[in-house]
Amino acid sequence: FNTVTCDQKASDFKERQRLRGEELAAIDKASEAIQGTVLKVADKKSSSKGTSLAALRSDSGGAKREQAISLLREKAEELDSNMLSALVLRAEGDSLSKIRKMISDLVTRLQQEAAADAEKDGWCKKELATNGQTRSSKKELVDTVQGEVNQLKIDITELGDDLESLQKDIASLAKDRESATKLRENEKVENKATIKDAQDAQKAIAQATAALDSFYSRAKAKASLLQKPVEGAPEIFEDSYTGMDSGAVTALLEVLQADFVRMESETETAEAQSLGEYTKFMSDSAVDKASKEKEVELKTASKTEKTNGLTTKKIDLKDAQKALKAATEYFEELKGQCMKPVMTREEKMEKRKQEIESLKDVLEVLQG
């Protein structure tokens with residue numbers, strides 16, 4: 001329902017009121033004819049209106065009645081008035097007094113109907129305008145609440161996806177921390193064993209070196225105490241035997257000792273570095289895990305809140321839709337009462353033209 005419809009309704013109502021006014025005027029003219037006015041007009045226009053008006057020269061009641069009925073029939077046809085046509089049928093067998101009474105009652109009835117129509121038109125305009133505003137506001141409310149419901153559904157879905165992802169991340173972090181701890185423990189045991197082996201090897205090499213050093217020292221001392229060989233005696237050995245090349249063996253042991261010292265040092269360094277990396281990872285992952293767990297807590301609370309809000313909004317939406325449906329159904333009722341089909345503009349203009357021409361003819365007769 002819009003402004004164009006209101007304007008059309010107002011125009012139709014004015015047209016109907018105009019026709020009612022013309023109908024009342026016709027009835028008044030018929031009443032005047034019954035009371036003698038038509039007779040006077042007929043005397044003045046007898047030369048131009050023919051035998052139908054000449055009958056009015058008679059003073060008899062029958063002539064007046066016939067003239068009144070004739071005028072009513074003419075106006076009923078001109079105005080296409082079912083009410084006037086019915087009045088003609090009723091008046092054809094009645095006396096002047098009864099016809100006068102019927103016309104008087106009809107005038108009163110038409111006036112009451114005109115007032116009722118005016119009152120109903122005002123009521124219709126008010127109800128249609130109010131209903132239009134109600135339907136507009138309810139439609140807007142439905143659209144708004146529907147949008148909120150849709151957004152809540154999207155938010156809840158996104159929160160659910162976020163929570164699922166966070167839970168996976170937390171589980172992955174827990175698994176990584178567990179794996180890192182096991183790896184660290186294994187590395188610690190392995191490094192400890194390697195360091196001990198290196199230390200034990202260093203001790204063994206030190207002991208071997210000490211034993212060899214002691215032997216070679218004693219061998220050299222003993223050789224220096226031996227007597228010089230007798231002159232002219234056959235030579236058995238060129239020099240005194242002090243053992244194998246002690247320098248080569250000692251050098252080899254020193255190389256091995258250095259290797260095991262380096263092994264101990266590198267393993268200790270690797271252990272310290274691995275421990276540092278493990279400690280940092282455990283610290284960082286603990287912070288990350290705590291942050292994600294807090295995010296899960298907050299998002300879970302938000303999802304719960306939005307889920308509860310969605311339940312409430314669905315109820316609000318249902319109520320708004322009911323209100324809109326009720327307003328729409330009432331609008332359909334109003335259309336049946338206040339927006340009945342009317343004549344087209346061309347039909348109304350043609351009928352108005354004919355009514356005007358007819359009324360001009362009657363007015364010419366009545367005014368002389």
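Guide: A residue is called buried if its relative accessible area is under 20%, exposed if over 50%, and partly exposed in between, using a 1.4 Å probe and protein chains only. By that rule, buried residues make up 29% of the 368 residues in the chain.

Visitor: What should I know about the model before going on?
Guide: This is a predicted model, in which local features need pLDDT of at least 70 and side-chain atom pairs count only at pLDDT 80 or more, while totals for chains, interfaces and linings use all residues. Residues are numbered from 1 along each chain as its sequence is written, and side-chain values use heavy atoms, with hydrogens and water left out.

Visitor: What makes a stretch of the chain a helix, and how many helices are there?
Guide: Helices are DSSP runs of H or I with at least four residues, strands are runs of E with at least two, and both are numbered from the N terminus. The chain has nine helices and zero strands. Its pattern along the sequence is therefore written α-α-α-α-α-α-α-α-α.

Visitor: Why is Arg184 called buried?
Guide: Arg184 has 6% relative accessibility, and the limit for buried is under 20%. Arg184 therefore counts as buried. This residue lies in helix α7, which covers residues 96-225.

Visitor: What makes the pairing of Arg184 and Ser274 a polar contact?
Guide: A polar contact is a pair of N or O atoms within 3.5 Å; within protein, one must be able to donate a hydrogen and the other to accept it, and residues adjacent in sequence count only if both atoms are side-chain atoms. The side chains of Arg184 and Ser274 make such a contact at 3.3 Å.

Visitor: Which residues does Arg184 contact, leaving aside neighbours within four places in sequence?
Guide: Contact means heavy atoms within 4.5 Å. With those neighbours left aside, Arg184 is in contact with Asn191, Glu271, Ser274, Leu275 and Tyr278.

Visitor: Is Ser285 buried or exposed?
Guide: The relative accessible area of Ser285 is 3%. Because the limit for buried is under 20%, Ser285 is buried. Ser285 is in helix α8, and it touches Leu173 and Arg177, not counting residues up to four places away in sequence. The C-alpha atoms of Ser285 and Leu173 are separated by 6.7 Å, although the two residues are 112 apart along the chain.

Visitor: Why is Lys138 called partly exposed?
Guide: Lys138 has a relative accessible area of 27%. That value falls between the limits of 20% and 50%, so Lys138 is partly exposed. Lys138 lies in helix α7 and touches Ala323 and Leu324, not counting residues up to four places away in sequence.

Visitor: What makes a group of residues a nonpolar core?
Guide: A nonpolar core is a set of buried Ala, Val, Leu, Ile, Met, Phe, Trp, Tyr and Cys residues joined through side-chain atoms within 4.5 Å. The largest one has nine residues: Val142, Val145, Val149, Leu152, Ile156, Leu310, Leu317, Ala320 and Leu324. Helices α7 and α8 (246-338) each supply at least two residues of this core, and the largest share, five residues, comes from α7. A second, separate core of five residues includes Cys124, Phe331, Leu334 and Cys338.

Visitor: What makes Arg135 a charge over the ring of Phe331?
Guide: A charge sits over a ring if NZ of Lys or CZ of Arg is within 6 Å of the ring centre and within 35 degrees of the ring normal. The charged end of Arg135 sits over the ring of Phe331, 3.9 Å from its centre.
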